[in-house]
Amino acid sequence: MTGQVVVLSGPSGVGKTTVCDELLKKPQFARVITATTRPPRAGEVDGVDYIFLSKDRFLKDIEAGLFLEHAEVFGNLYGTPRNSVTEFLQKGQSVLLNIDVQGAETLRQSCEFPISTIFVLPPSLADLEKRLRGRSTDSEEVIQTRLNKARVELAELHHYDHFVINDHIDDAVASIFKILGIDPSESPNLEDKKQPATILLGVMGSIAAYKAADLTSKLVQKGHDVHVVMTDAATKLVDPNTFLYLSGNRVHQDMFDENQIGPIEHIALTDRADLIVLAPTTANGLGQLAHGLANNMLMTMLLAANCSVLICPAMNPRMWSHPIVQENVKKLRDFGYRILTPDSGRMACGHTGQGRLAEPPEIVAEIEAMLEEQFKVSG
Ligand SMILES: Cc1cc2nc3c(=O)[nH]c(=O)nc-3n(C[C@H](O)[C@H](O)[C@H](O)COP(=O)(O)O)c2cc1C
């Protein structure tokens, strides 16, 4: 992991956002999309501007440890998804977080990643006041509140690893590169690492569902962002929390989830997916897909998807060899679905034959081959 978490703090009006925007123009830095309970404003897109969550969902995600840091601002919650940070750092990029003094201190003490905290200072308080007045967006009362808050924040400067004075934006940005030991003129060596992808993993009601947990773990370790969708039958065999903790993302089951807000979630998720993997796929699942039946969230997503799909069947050998199942397999192959032929061996039911779910390393290899092919095509 060569990237680090870079925290920028400073009083309101000091120009942190401009500094961040300048740094983010360089590929050494990545922007993490913040999750929030604030309702979307006109034109804002879920998953692009912010990840919009209900308050209930946000609180559950805090409990599950899904945020690297979170804070409440004017009654709305904001949080940095931990899995996005991991993904960028593994790729070798640094992650910029523009957070307040209190949040920075908490994060500095708890962060499991390499971290640098930088305080952005105005040349003087008089200059800050001039900038705040120059924005002509705030009332006199708000300006005085901001200045008082700035005085309090400045007293916390000693908690920071570094400070820079934002007199001229170019100088401030150059100082930050220098502090972090980054040469902005160099192209970082990111392209030789595998592209992380957003993978939707559909888990169905097969006894082999436990192997999907291992698969999730292996994909996450490779830097992929894994979102698990389970059928009802699958949840009877493996606890959804297993996937929540392994993937760092909430697990989707119910299309009519009351916590869902923003654009229809199953469509938004399929839009973001680079690849859908169905592992394990049941005989029932093959039949549903081959006939365009969308009576659960996973099947609905599959019909709405426009990315490649890898199907990894798992079932009793007699089920696998049943002519109806084989006809469904053929139909799906003809439609362009990639089907990983199941392994042969002894099954949990005691029968021996073909029908065992392919082993997770084999599935991972197939996924990586499909992603590589896809990224090559898309350039
Ligand atoms: C313990 C257990 C193991 C099962 N294993 C499989 C299996 O490996 N493959 C399969 O096609 N069905 C299996 N089934 C049957 C499916 O769970 C059943 O057909 C279910 O309706 C599938 O629903 P889904 O496709 O929505 O997940 C199993 C059922 C039980 C109770």
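Colleague: What share of the contacts in the protein with a separation of 6 or more is between residues 24 or more positions apart?
Modeller: The model is predicted. It has 16 helices and 16 strands. Of its contacts with a separation of 6 or more, residues 24 or more positions apart account for 75%.

Colleague: Which strands stand at the edges of the open sheet?
Modeller: The sheet has five strands with parallel pairing, in the order S2-S7-S1-S8-S9. Two of these strands have a single partner strand each, so one side of each is left without a neighbour in the sheet. Those at the edges are S2 (29-30) and S9 (162-165).

Colleague: Which helix packs on the sheet, touching S1 and S8?
Modeller: Strand S1 (residues 5-9) and strand S8 (residues 115-121) run parallel and are joined by five bridges. In one of the pairings, Val-6 has Ser-116 in S8 as its bridge partner. The helix touching both strands has a direction at about 155° to that of S1. This is helix H4 (residues 101-110).

Colleague: Which helix gives the most to the shell around the ligand?
Modeller: The ligand is surrounded by 15 residues, and Met-204, Gly-205, Ser-206, Thr-231 and Thr-282 are the closest. Helix H9 (232-237) and helix H12 (283-290) each supply at least two residues of this shell. With three residues, the one that gives the most is H12.

Colleague: How many residues of the shell around the ligand are charged?
Modeller: The shell has nine nonpolar residues. Another six are polar. The number of charged residues is none.

Key. Residues are numbered from 1 along each chain as its sequence is written. This is a predicted model: local features need pLDDT of at least 70, side-chain atom pairs count only at pLDDT 80 or more; totals for chains, interfaces and linings use all residues. A residue is near a molecule or strand if its C-beta atom, placed from the backbone, lies within 6 Å of it. Helices (H or I, at least four residues) and strands (E, at least two) are DSSP runs, numbered from the N terminus. Ala, Val, Leu, Ile, Met, Phe, Trp, Tyr, Cys and Pro count as nonpolar, Asp, Glu, Lys and Arg as charged, and the others, Gly among them, as polar. Two residues are in contact if their C-beta atoms, placed from the backbone, lie within 7 Å. Two strands pair if DSSP finds at least two bridges between them. Axes are lines fitted to C-alpha atoms, for helices over the stretch in contact, and angles run from 0 to 180 degrees between N-to-C directions.
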